[in-house]
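Let us read some contacts together. Have the sequence and the 3D view ready.

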Amino acid sequence: MSVALHRQLGLTDDEFAQIPILIGRAPTDPELVMFSLMWSEHCSYKHSRRMLRRFPTDGPHVLQGPGENAGAVDVGDGWAIALKVESHNHPSAVEPFEGAATGVGGIVRDILALGARPIALLDSLRFGTLESARSRHLFTRAVAGIGHYGNCIGVPTVGGEVVFDDRYEDSCLVNAMCIGLVRADGMLRAAAFGTGNLLVLIGNRTGRDGIGGASVLASAELSADDEDKRPSVQVSDPFTERKLMDCCLELAADDLLLALQDLGAAGLTSAASEMAAKGGVGLDIDLDRVHLREEGMAPAEILVSESQERMLGLVSPDKLEDVLESCARWELDANVIGTVTGTGNFTARHGGEVVVDIPASALTDDAPWYEVPRTPGPSATPLALDTVPVPADLGAAWLDLLGRPNIASKRWIYQQYDHLVGANTIRRPGGDAAVIRIPGMRRALAITTDCAERHCELDPRGGGRASVFEAARNIACTGAVPYAASDCLNFANPEKASTGWRLAEAIEGMSEALEAISVPVVSGNVSLYNESPARAIYPTPVVGMIGLLEDAGASVGHAFAQPRDAIVLLGGGAARLDASEWLGAALGAPALPDLAGEAALIAVMVVAAGAGLLRSAHDVSGGGVAVTLVESALAGGIGCSVALPLGRRADETLFGESGERIVVTCRPDALPGLRAIAGDVPLAVIGSVGGGTVDVQLGDATVSLDLEAARIAYEATLTEALA
Amino acid sequence: MIAVVRFPGSLDHDSAVRAVEAAGGTATYAWHADRALPAGTRAVVLPGGFSYGDHLRPGAIASRSPIMDAVRQHADAGGLVLGICNGFQVLCEAGLLPGVLRTNATTSFVCRQVELEVLDHDTPFTRDLGAALSIPIKNHDGAWYGDPADARIVLSYGMENPLGSIGSAAGVANAQGNVLGLMPHPEEAVDRLLGSTDGLGLFTALVRA
Amino acid sequence: MTRVVVTVMPRDGVLDPQGQAVQGALGRLGFAGIHDVRLGRRIELELDGPDPLAQAREMCERLLANPLIEDFTVAIED
C-alpha cells in the first residue's frame, strides 16, 4: 500500500527509501504526508538550493540574510527594514483572485514573522497577451485579488510591473514583494528554544484548505485538467490578517514573544519543523488543541492544512496570560498547542496517541537536493537587421509603440490599489521606483521590482545582469543608493533541457551585477515547473530591490520640470533592437551588460541627485529613448526638443534598448557641475525642455509627436482592452 | 484633545493622529469597545479603513459598537465629529448623517487625487477653507446615495463625479453642521512632502473647537 | 432550533451597479434574453427561542438590512 501512496504524494522511490534511514523505521501515514510536502520542490528547493549559494549575501548593513522568513538590513538610527519577494504562480493560474490575494497574505506574514510592521507592497505580474480572453481574465482577477487583500489590510501597494507575453499564456507569474519596518534590536526570529516554552497558534481556524497544495500545485506542470485542483486553493480573509498584524506587532512591542513564525506552504508541519530544526530543539504538539473549522479532520490534514491567516508564537509560560488577553482583545482565536522539548523531535499527538515522532531535521536539513543537468541552450543569433524594414512613418510607429500593453500607462492597475495608506508615499506609482518615507526617520526608501526576461531567454547570464541593473537604475533615478535585494526566480522544469543551465547562468549574471554595485541578496524564492506541454515561460528572475535616500525631501522624479531645462543623456549604453519591445519578441543577441559601466552610471546618478543638480531622471528601458522622453514629457505636461546622431537607422536610435542609459534634466547652469560628477561616464547634452510637442532630430529629419496625441495613445490601452 | 476612534480593521487612524498633530493639536485613540470617550475629548474623528472587513455593509458593524453611543451623545451636544471614508460610512449607518455610501459606479476600488469644490462655508469645518481642495480618494464604496434636499452637501466632486455620487457629493454634513462625513482623505494632504496640504484646514477646525 | 432564511435585496428603483455588471458579463458569455439581474444577500440563521421569525425581523431592522436601499424577507426553512 505505502509504495503506491508515496508516489501519489510525489516522492520518488529513492526519496522514499531515504526516510527509514533517517528515522530508523517505516514512516506512519501522517509522517509520510509530511515528508512528501517538506521534500517537495516548493518547500525544500531541492533542485535549486545549491545554486543559490552563489548569491552575495553579506554586507556591513545586513542584519539577516537568507534563511529566515525574510531578510533585513540596518537603515540607521536603530531601525531595520525587512524585505522579501515571493511567488504564488500556480495557485493564481487555477483561481487568480484568491491565488493572488493569498500570495499577498503570505508575503505579509513572512515580514510580520520578523516582528516587522509591513509598510509597502509591490507586485510583479506576467500573463499572456491581452488578445487572449483567458489571460485578460487571469490578469483582471489577479489585480482585483491583490487590491482586495492589500487595500483591506492597509499596506500600500506602491509599485510593481506587468508584462504581457504569449510565453506566459499557460503559466502566469504572480510575485509579491513586501517591505517592513522593525527596531533592529527588536527583530524576532523563528528558532524555538527553552524546554517548557509554549507554542501558541493565533489566527484563523484550521480547515481543509490547500491540503497537499505544496506538492500538488507547485511541483507539477499545469495541464488542461486543472479544474479539479480547485478545492486546493485557499480563500483569503484580509480582515483577520489585519487583526493578526495589529495583535502580533503589539505582542512584539510588549516583549511577549520569544519567537514568531508564519504558517504558509505545508502549514503547521513546515512552520513547526523549521522552528524546531533552527533551534536544535524538539516540539511536542497536541493536534486536539488546534482550533478547527471542520469536524473530523484527520491528524495528517491538521498537520498540512494551508488555512490562511495563522501565526505560531513562542511564549514563555509566565507571559501566556498576557498573550491570550491581547489575542482576545483583538478578537483572534489563540490556543497553546505545544511545548518545546529537548528531544529534537517533531512529536504530534491526536486523541491521546502519538501519530508523529521524527527528528525535525529529517524534514528540513536532511531534505534531498539535486544537481540539475546543465545543458547549455542555443547561442543567441545576431539580428539580421537588413530583413527588418525601417518604418516609413516614424511618428506613427512611435504612437503605436506608446500604446503597446508593455509600454502603455498602467494607471488602470494602480488606481485599484490603495497606494497611499499610511501617509508615507512620497512618489506614487508611474515613475521609475516608488519612494516611501521611513516613518520616524529623515530617510526614505526607493523600491522596485524588475526583470529582463527576453534578454534572459537569449542570454541568461547577460539577462541576469540586466535584471539587476534595471532595478538598480530605477532606484538610482530617484536619487537613492541601491541597498539590498530579494530575488524571485521563476523558471521552467529544471529536469528538462536547458532550464538548469539557464537557472545557473542567470544566478551567475545576477551575482556578478550585485557584486559590482555591492548590493546583497537577503532573501528570495524559487518557483520552478512554470511550463505546459505547449510552452515554457522565459527564464524570469525577478529582482526586488530597495534603495536608501538620505533625505526624504530630496527624491528625484521622472517628470520634465521647466522650459529651457537641459536634457542630458548619461551612460555608455548603445541603442540596439535586440530583444526590444519594438521588435516585440526575444530575437537577436543583446549586448552583455558592462559591470563597470553600469556601476559607474549608477554612482554618478546618485551623486548628482544628492548634489541637488537634477530636475528629473528617467532610465531608458522598454521602447528606447523615444519612450523615455515621452513619459517624462507627459508626467510634466511639457514637451521637449532633442537631437540624436542618426546612427545606423532611425528606428534603432529611437526605439533601441540596452542598459546603461539614463535621461536627466537640469538647469543649464548645473551642467558644469554635472560634467564634473560624471567624470568618465559618457555625457551628452541632447536638447532642452519646452513646447507642446516631443521633437527628435535625427540627422536631417525631425520626428515630432504632439503631446496630447501621445497622452491619448499612452493612457487608452489598458482601459480599452479591459472594458 | 481629539479622540480618534479605532475599530478592528481601522487603517488610517495613525495618519489621522499625525494630521491632528500637524494642525497643532493632540490626539488619542478611543477603543471601539469602550462606553465612554477619553476624558477631555473636544472633537472626534472616525478614521478611514475597512472596519470589520466591510462585512455585511461598509461601516455597518462598527456603527453598532459601544463607543458609538458616546459619539452620538457628543454630537447631540454640539461637539464636532469628522468621519473620513469608512468613518463617513459609519456615521451614515449610525444615522448621524443622512444617506448611505454605495459601491462606486466603476464597481472597483479607486485611488487617485480629486479636486473638490467647497459648496457650503457655513460649518465649523469649512468656515476658513478656500473654494477648492485637492485631496486623494481611496475607496471601493464611496457613491453617496440619499436625498439632496434632505442633506447638506458641503463638498462636491464637481462635474467629474468619479464615483457616481448623487449630487456629486463628496462630503455631507448634518443640519447643525457639527458632524461632517467625507470620502476623500484629508489626512493624506497635510504634508508638503506628499503633495497637497489642502487637508490641513479640516484638522485645524477640529483643533480649534 | 429553527433555521430562518433572510433575503436582503436592493429596493425597487435603486440602481444596482453590481446587477448591471453581472448582466453585462452574462451577455458577453452568450446568454440572450436577460431582462434584469439583481444581486442580493442570503443570510441563514439557526435560532433558538419561541418566535424565531420575529427575532429575525428585528435583526434585519437593527443590523442585517439598510432600509434606505434594501428590502428584506424572512422565512422559516425546513
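The dialogue below covers a helix pair and then the chain contacts.

Q: What should I know before I start?
A: This is a predicted model, where local features need pLDDT of at least 70, side-chain atom pairs count only at pLDDT 80 or more, and totals for chains, interfaces and linings use all residues. Residues are numbered from 1 along each chain as its sequence is written, while chains are lettered from A and ligands numbered from 1 in the order in which they are written.

Q: At what angle do the axes of helix 21 and helix 24 of chain A cross?
A: Axes are lines fitted to C-alpha atoms, for helices over the stretch in contact, with angles from 0 to 180 degrees between N-to-C directions. Helices (H or I, at least four residues) and strands (E, at least two) are DSSP runs numbered from the N terminus. Here helix 21 (residues 624–636) and helix 24 (residues 707–721) of chain A cross at roughly 100°, and their axes come within 10 Å. The two helices of chain A are therefore roughly perpendicular (65 to 115 degrees; under 35 is roughly parallel, over 145 roughly antiparallel, the rest oblique).

Q: Which residues make the contact of helix 21 with helix 24 of chain A?
A: Two residues are in contact if their C-beta atoms, placed from the backbone, lie within 7 Å. Helix 21 of chain A gives A:Val630, A:Ala633 and A:Leu634. Helix 24 of chain A gives A:Leu707, A:Ala710, A:Arg711 and A:Tyr714.

Q: How many residues of chain B are in contact with chain A?
A: 23 residues of chain B touch 24 residues of chain A. Strand 6 of chain B gives the largest share of chain B's side, 3 residues.

Q: And how many of chain B are in contact with chain C?
A: 9 residues of chain B meet 7 residues of chain C.
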